[in-house]
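Trainee: I would like to go through this model and ask what each label rests on. Please set the values against the cut-offs.

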Amino acid sequence: MARHVVAKVDELDIGKSKLVKVAGRDIALFNVKGEFFAIANRCPHEGADLCRGQMVGLAESDEPGQYRMTRHGELVRCPWHGWEFDIRTGKSWCDPARTRVKSFDVSVASGGALVEGPYQAETFPVSIDEDYVVVEI
Amino acid sequence: MNEMIRSLGKESRLSTVGGIDCDLHPASPATTTLLPYLDDYWRETFVMRGVDRLSLAMTSSPAHAPINVRADWRAKSGFAGDTLETVRSQALDPFGTRLAICNVLHGSMIMHSDDMAAALCGAVNEWLAREWLGKEPRLRGSIAVSAQNAELAVAEIEKRADDNRFVQVLILAQNDEPLGRRRYWPIYEAAARNKLPVCIHAGGSNRHAPTATGWPSFFVEAYVAQGSIFESQLLSLVAEGVFHKIPELKVVFAESGFTWLPSFFWRADKTWRGVRAETPWVTEQPSDIVKRHVRFTLQPVEAPLETDALVRTLAHIDCDDILLFSTDYPHAQFEGLNALPAALGETLARKIMIDNPLATYPRIAADFGKEVSK
Ligand code: FES
């Protein structure tokens with residue numbers, strides 16, 4: 001496991017997502033209400049980029065004709081066929097046990113802390129005055 | 001794939017003895033036959049208006065079409081199954097049928113007038129009870145109702161509910177609206193409350209074209225279109241949340257065929273995954289809901305004669321609870337006594353003939369229970 005700096009915190013607004021490449025992998029990074037999450041970018045269905053999906057809430061119902069929207073912005077809908085994935089866990093809504101994408105631990109660290117390491121910035125220049133998103137792979 | 005389905009296709013001629021026939025058709029009664037079962041208002045108006053001289057049989061199952069009466073079962077009258085004697089000697093005795101459910105396909109279910117429909121349905125049901133169920137202990141009945149007016153349908157269901165010889169509610173596949181719509185829910189609730197499955201039988205009002213692309217020219221088109229009508233109705237029931245709202249409800253599709261189920265399941269499940277937020281009460285894939293709540297009568301088996309093809313289809317359906325034995329008498333669906341395709345194999349055939357009907361029809365299961373404990 002290594003920690004990789006993947007973005008500056010202020011690069012990714014709330015409700016936005018972004019593709020980052022870490023250790024040869026494509027990872028979809030999301031900002032959900034100020035918290036960052038990272039899941040594998042490739043949809044297990046037919047391979048669409050999950051980083052391009054809409055961030056949506058969870059639609060639920062107690063009975064036909066009643067609608068409830070919770071967990072606003074915590075799911076991503078695949079841009080190709082609309083399967084929903086929980087951004088926090090990578091599990092699909094329709095088949096959570098078998099259809100899922102890997103999720104990665106994400107943290108936010110100050111440049112000062114990062115300079116002390118250990119971390120892998122790869123091509124990413126880190127400055128001590130800013131905060132960074134760090135993904136563990 | 002489960003064991004039972006994997007071992008299919010070995011036997012040749014399967015015996016129907018002891019089976020529960022879930023779709024048998026006594027001939028639709030002539031209107032004059034029904035007059036004694038109508039109240040004095042309807043009796044007099046029918047005679048006054050000449051309605052008694054009309055056939056109120058459904059145009060979607062014309063009695064003279066070859067497929068609707070097997071040649072060796074057709075009586076001189078042109079009909080089949082128009083007397084209890086013929087039903088006994090053609091449909092019950094030769095097959096060794098233990099019980100058979102009578103679905104009377106009569107135009108009463110599709111009249112434009114709510115009240116006339118209710119009066120006629122009541123008459124058909126009373127006629128069935130007295131002339132058939134009361135005279136032949138192997139027969140059970142379906143409570144025919146017109147789905148068009150749910151309140152009147154519920155009243156008819158409640159009126160017959162104490163008579164345990166009626167084992168299900170009968171409506172037709174083509175109605176004014178898709179059958180999942182809430183206007184029909186009171187019918188389903190009344191049925192479930194009284195431990196009656198709802199049988200949805202092929203045919204109907206033709207108030208809409210039987211194909212989604214418009215009116216066809218030929219009988220073959222209207223007949224084959226029944227499959228897609230059932231597909232639409234099946235998905236409507238699932239998508240509108242009928243089974244979520246009424247979890248005890250069992251629905252029986254009669255004469256729907258079933259070999260279309262694999263592609264239906266694939267398509268419905270796959271599409272549901274992408275748009276399920278539109279119907280958030282549907283929390284399982286449609287095929288799982290169907291396998292739990294919906295049953296399909298066996299005949300007509302719209303499969304090629306080669307055993308392998310049907311075995312493969314059953315494997316794709318992958319649910320041995322889903323079929324109910326039926327002869328579909330007197331419709332011409334098979335020759336001789338070959339109501340059970342060899343592909344089923346003995347074990348599954350038995351399940352289809354006995355276990356599945358017992359699991360579907362609580363009233364029949366209760367009868368069996370009584371016999372066993374005697
Ligand atoms: S590729 Fe993602 S749902 Fe099809």
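Trainee: Which residue just after α7(B) takes a positive phi?

Mentor: That is B:K195, with phi at about 55 degrees. Keep in mind throughout that this is a predicted model.

Trainee: Which residues of helix α7 of chain B are buried?

Mentor: In α7(B), residues 185-193, they are B:W185, B:I187, B:Y188, B:A190, B:A191 and B:A192. They pack against α6 (150-160), β4 (166-174), β5 (198-204), α9 and α10 (242-245) of chain B.

Trainee: Which residues is B:F230 in contact with, leaving aside its neighbours within four places in sequence?

Mentor: They are B:A173, B:I200, B:H201, B:A202, B:F253, B:A254, B:E255, B:S256 and B:W260. Contact here means heavy atoms within 4.5 Å.

Trainee: Why is B:L133 called buried?

Mentor: B:L133 belongs to helix α5 of chain B. Its relative accessible area is 5%, and the cut-off is under 20%, so B:L133 is buried. Outside the four places on either side in sequence, B:L133 is in contact with B:L128, B:L139, B:R140, B:G141, B:R165 and B:F166.

Trainee: What puts the buried residues of α3(B) on the same side?

Mentor: The buried residues in question are B:W42, B:T45 and B:F46, in helix α3, residues 40-49 of chain B. They cover an arc of only 105 degrees around the axis, which puts them on the same side of α3(B). An α-helix has 3.6 residues a turn, so residues three or four places apart point the same way.

Trainee: Which residues are exposed on the other side of α3(B)?

Mentor: B:D40, B:E44 and B:M48 are exposed there. The buried residues of α3(B) pack against α2 (31-34) and α5 (114-133) of chain B.

Trainee: How do you know that the size of chain B agrees with a compact globule?

Mentor: For 374 residues, a compact globule would have a radius of gyration near 21 Å; chain B has 20 Å, so the value agrees. The C-alpha atoms fill a box of roughly 60 × 50 × 50 Å along the principal axes. Buried residues make up 58% of chain B.

Trainee: What share of the contacts in chain B with a separation of 6 or more joins residues 24 or more positions apart?

Mentor: The share is 81%. In chain A, 48% of the contacts between residues at least 6 apart in sequence join residues at least 24 apart.

Trainee: What makes up the secondary structure of chain A?

Mentor: Chain A has one helix and nine strands, and from the N terminus on the elements run β-β-β-β-β-β-β-β-α-β. Of its 137 residues, 44% count as buried. Its C-alpha atoms fill a box of roughly 55 × 25 × 20 Å along the principal axes.

Trainee: Why is A:R71 called partly exposed?

Mentor: Buried ends at 20% and exposed begins over 50%, with partly exposed in between. A:R71 has a relative accessible area of 28%, so A:R71 is partly exposed. A:R71 lies in strand β6, residues 68-77 of chain A, and has a positive phi of about 50 degrees although it is not a glycine.

Trainee: Where is A:K33 placed in chain A?

Mentor: A:K33 is in the loop between β3 (25-32) and β4 (35-40) of chain A. Phi of A:K33 is near 50 degrees, again positive in a residue other than glycine.

Trainee: What makes the peptide bond from B:Q299 to B:P300 cis?

Mentor: Its omega is near 0 degrees. B:P300 is found in the loop between β7 (294-297) and α13 (307-317) of chain B. A cis peptide bond also joins B:Y329 and B:P330, with omega about 0 degrees. B:P330 is in the loop between β8 (323-324) and α14 (345-360) of chain B.

Definitions and conventions:
Residues are numbered from 1 along each chain as its sequence is written. Chains are lettered from A and ligands numbered from 1 in the order in which they are written. This is a predicted model: local features need pLDDT of at least 70, side-chain atom pairs count only at pLDDT 80 or more; totals for chains, interfaces and linings use all residues. Side-chain values use heavy atoms; hydrogens and water are left out. The radius of gyration is taken over C-alpha atoms; the globule rule is 2.2 Å times the number of residues to the power 0.38. Buried means under 20% relative accessible area, exposed over 50%, partly exposed in between (1.4 Å probe, protein chains only). Helices (H or I, at least four residues) and strands (E, at least two) are DSSP runs, numbered from the N terminus. The arc is that of the directions from the helix axis to the C-beta atoms.
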